[in-house]
Amino acid sequence: MVAVRFGCGHGAAAEDPAAVAIRRRCPLCMLLDETQRTRGDLLGRVAPAGRRALAVETRVGAEYDWQCRRGHDRFRATVIDVLTGPGCAKCRANASAPGAATREAGMPFMKPGLRVGTSMTEQRLRAMLGERVRLHHRANAVRLARTFYGRQEVWPDILVAELRIAIEYDDPGRSRRAHRGLKEGSDVEKDEALREVGWEVIRVRAGGLEALGPYSIVCRSLTADVVDEIVRLMILIRGEEAVERLRVSVPATT
């Protein structure tokens with residue numbers, strides 16, 4: 001087997017004269033990019049005995065022992081399953097246990113201390129939408145009927161709790177890789193998990209991203225027309241009367 005030295009620095013040793021050097025990054029680094037994770041995230045989850053090997057790992061199918069974030073038993077899994085799967089066996093069992101599908105599923109709630117990266121564009125979208133409809137500022141998460149990346153909750157960009165509508169803003173970012181590939185599949189799974197508990201998702205897909213579902217808005221960038229289209233879709237999903245109750249009244253000009 002030919003030893004390969006990848007552009008990210010992983011793989012064969014630099015001094016190996018028989019190694020073949022290629023410019024692209026190793027499969028694991030590419031998967032980390034697609035899932036918007038870091039190797040440090042992985043190293044924090046793997047069992048201590050596997051940290052040295054994982055630090056230089058290149059294969060997404062390599063198996064390691066992992067520590068469950070919820071404190072369950074250690075479990076054996078591949079790197080790709082840990083990055084894209086629901087969690088350990090107990091996490092999966094909890095999601096499918098009797099009553100799990102109805103226990104607070106679909107309920108919006110405030111998760112204290114939640115830290116999720118919010119772009120300036122997402123903040124602008126919230127401000128522009130808030131000029132048209134009243135937004136619920138006391139909820140930032142929704143309970144699910146199953147686990148999603150090991151948690152029984154999701155944190156959409158914007159919640160219109162009274163309508164059970166979540167709004168997500170997606171763009172490829174500076175790397176041009178965000179919300180593509182495996183991350184796109186993750187977005188679809190997140191939307192399906194919300195629909196299972198009675199929510200609907202409106203996705204603004206900017207910067208060249210394609211539509212993901214029936215309520216996707218494909219655009220080049222965020223504009224007032226895009227926000228008006230979000231309101232139009234809200235009416236389509238929940239009805240004009242329900243949306244009108246949330247309308248922000250505009251003071252009459254004299």
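Buried means under 20% relative accessible area, exposed over 50%, and partly exposed in between (1.4 Å probe, protein chains only). Helices (H or I, at least four residues) and strands (E, at least two) are DSSP runs, numbered from the N terminus.

This is a predicted model: local features need pLDDT of at least 70, side-chain atom pairs count only at pLDDT 80 or more, and totals for chains, interfaces and linings use all residues. Residues are numbered from 1 along each chain as its sequence is written, and side-chain values use heavy atoms, with hydrogens and water left out.

**Exercise 1. Find the buried residues of α6 and say how they are arranged around the axis.**

Step 1. Apply the burial cut-off. E122, L125, M128 and L129 are the buried residues of α6.

Step 2. Look down the axis. These buried residues fall within an arc of 125 degrees, so they line one face of α6. The arc is taken over the directions from the helix axis to the C-beta atoms.

Step 3. Recall the helix geometry. An α-helix has 3.6 residues a turn, so residues three or four places apart point the same way.

Step 4. List the partners. The buried residues of α6 pack against β8, β9 and α8, where contact means heavy atoms within 4.5 Å.

**Exercise 2. Check the length of helix α8, then describe its two sides.**

Step 1. Compute the expected span, which is 1.5 Å times one less than the number of residues. For the 15 residues of α8 (residues 224-238) this gives 21 Å, and the end C-alpha atoms are 21 Å apart, which agrees.

Step 2. Collect the buried residues of α8: V226, V227, I230, V231, L233, M234 and I237. They cover an arc of only 160 degrees around the axis, which puts them on the same side of α8.

Step 3. Turn to the other side of α8. D225 and L236 are exposed there.

Step 4. Name the neighbours. The buried residues of α8 pack against several elements, among them α6 (120-130), β9 (165-170) and α9 (240-244).

**Exercise 3. Which partner does R205 meet in a salt bridge, and which parts does the pair tie together?**

Step 1. Set the rule: a side-chain nitrogen of Lys or Arg within 4 Å of a carboxyl oxygen of Asp or Glu. The count by this rule is 18 salt bridges.

Step 2. Find the partner. R205 meets E184 at 3.5 Å, N to O. R205 lies in β10 and E184 in α7, so the pair ties together parts 21 residues apart in sequence.

Step 3. Check burial. R205 is buried, at 0% relative accessible area, whereas E184 is partly exposed at 31%.

Step 4. Take a second pair. E200 and R195 form a salt bridge, with the closest N and O atoms 2.5 Å apart. E200 counts as buried at 14% relative accessibility, and R195 as partly exposed at 30%.

Step 5. Trace the network. Salt bridges that share partners join D170, K183, E184, D187, D191, R203 and R205 into one network.
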